[in-house]
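This report describes the fold, the packing and the chain contact of one structure. The sequence and coordinates come first.

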Amino acid sequence: MIEFNGVANHDLNRSGGAYRVLVTEFYDGAVEGLIQFTESGPVYLFRMVGDVNTRPRSWDLQPMPWNAIEEFVRIVAPHLTPKWPVWVPVWKFPTPEIEEAMMAQTQSILDAADDAVWQIKSDDLYGFSHCTARRLHHQVA
Amino acid sequence: MAGEIFRRFGTEPESLEKLAAAAAAAEQALGIHAVSVTARETSAPVSVALREEVERHFRVIETPTRKDKLHWTIELPMPVTQEVVDQFNQLFGRAGP
């Protein structure tokens, strides 16, 4: 059973900026990754919507299991060193075999994402220190 | 790799404000005052430059992402000046008329 901790009651417009961000894809800013707005709040997978040249950028937020960031870090930590509050790992590993294993194991985490429930906009390209949010029609029960 | 092609998304000339903001954001997050390119093929509108041409003017750093193994960053001088922007746009064939 996947636990989407607190997503149903979470109001992003009452949150400040991001508490921590793990950027898994970037191009002149964050494209995809994991984000948490408060220390004990829900974790979301963010995915950029639209064009990389649009400012501010928009991202859809999909609820993730509460421990998704910790699990992702646990998997890659033997090879990559986390840096908070914003971590943008450069995806380099000692061997192709290790890289393949890291890809598969982290994909299994990202595959747990539920349907998008929020869309956020920000001109802070990596840190999400400020953003505006709107609820999408689909809501987690 | 000889003849490697860098692709930068978009085709319009880029402004000083946009390049400076992107480079500053990368400096804070990645520790490199730089902007992105990719060497992978894409059907999206891009402007292109030969890697060796870019390297004559800027330092380039291999920065693969989880899905884009051919992602690179081009380090820009700090501060980004109009001269730098003009050089960058010219390299990618985005110079104005």
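Leu61(A) stands opposite Trp118(A) in S6(A). Strands here are DSSP runs of E of at least two residues, helices are runs of H or I of at least four residues, and both are numbered from the N terminus. S4(A) and S6(A) run antiparallel and are joined by five bridges; two strands count as paired if DSSP finds at least two bridges between them. S6(A) is also joined to S7(A), by four bridges and again antiparallel. There, Lys121(A) has Thr132(A) in S7(A) as its bridge partner.

Strand S6 covers residues 118-122 of chain A and has two faces: Trp118(A), Ile120(A) and Ser122(A) are on the covered one, while Gln119(A) and Lys121(A) are on the uncovered one.

## Basis of the model

This is a predicted model, in which local features need pLDDT of at least 70 and side-chain atom pairs count only at pLDDT 80 or more, whereas totals for chains, interfaces and linings use all residues. Residues are numbered from 1 along each chain as its sequence is written, and chains are lettered from A and ligands numbered from 1 in the order in which they are written.

## Fold of chain A

Chain A contains two helices and seven strands. Read from the N terminus, its elements follow the order β-β-β-β-α-β-α-β-β. The seven strands form an open sheet of mixed pairing, ordered S5-S1-S2-S3-S4-S6-S7. Val43(A) is opposite Met64(A) in S4(A).

Chain A has 141 residues, of which 37% count as buried. A residue is buried if 20 or more other C-beta atoms lie within 10 Å of its own, exposed if 12 or fewer do, and partly exposed in between, with C-beta atoms placed from the backbone. Of the contacts in chain A with a separation of 6 or more, 58% involve residues 24 or more positions apart; a contact requires C-beta atoms, placed from the backbone, within 7 Å.

## Helix H1 of chain A

Which residues of H1(A) are buried? They are Ala68(A), Ile69(A), Phe72(A) and Val76(A). Seen down the axis of H1(A), the buried residues fall within an arc of 100 degrees, so they line one face of the helix; the arc is that of the directions from the helix axis to the C-beta atoms. Exposed residues Glu70(A) and Arg74(A) are on the face of H1(A) turned away from the buried side.

The buried residues of H1(A) pack against S1, S2, S3, S4 and helix H2 (96-110) of chain A.

## Nonpolar core

A nonpolar core is a set of buried Ala, Val, Leu, Ile, Met, Phe, Trp, Tyr and Cys residues joined through C-beta atoms within 7 Å. The largest nonpolar core has 55 residues, and those touching the most other members are Val21(A), Val23(A), Leu34(A), Ile35(A), Val88(A), Tyr126(A) and Ala26(B). Helix H1 (residues 16-30) of chain B gives the most to this core, with six residues. In soluble globular proteins, nonpolar side chains tend to be buried together.

Ile35(A) touches Ala18(A), Val21(A), Tyr44(A), Phe46(A) and Phe128(A), leaving out residues up to four places away in sequence. Gly33(A) is found in strand S2 of chain A and is buried, with 28 other C-beta atoms within 10 Å. Gly33(A) and Trp87(A) are 54 residues apart in sequence, with their C-alpha atoms 9.8 Å apart.

## Contact between the chains and a site in chain B

Chain A supplies 16 residues to the contact and chain B 14 residues. On the side of chain A that touches chain B, S1(A) gives the most, with three residues. That side divides into nine nonpolar, four polar and three charged residues. Here Ala, Val, Leu, Ile, Met, Phe, Trp, Tyr, Cys and Pro count as nonpolar, Asp, Glu, Lys and Arg as charged, and the others, Gly among them, as polar.

Val48(B) lies in strand S3 (residues 46-50) of chain B. With 14 other C-beta atoms within 10 Å, Val48(B) is partly exposed. Apart from neighbours within four places in sequence, Val48(B) is in contact with Ile5(B), Phe6(B), Arg7(B) and Phe92(B).

Terms used:
Contact = placed C-beta atoms within 7 Å.
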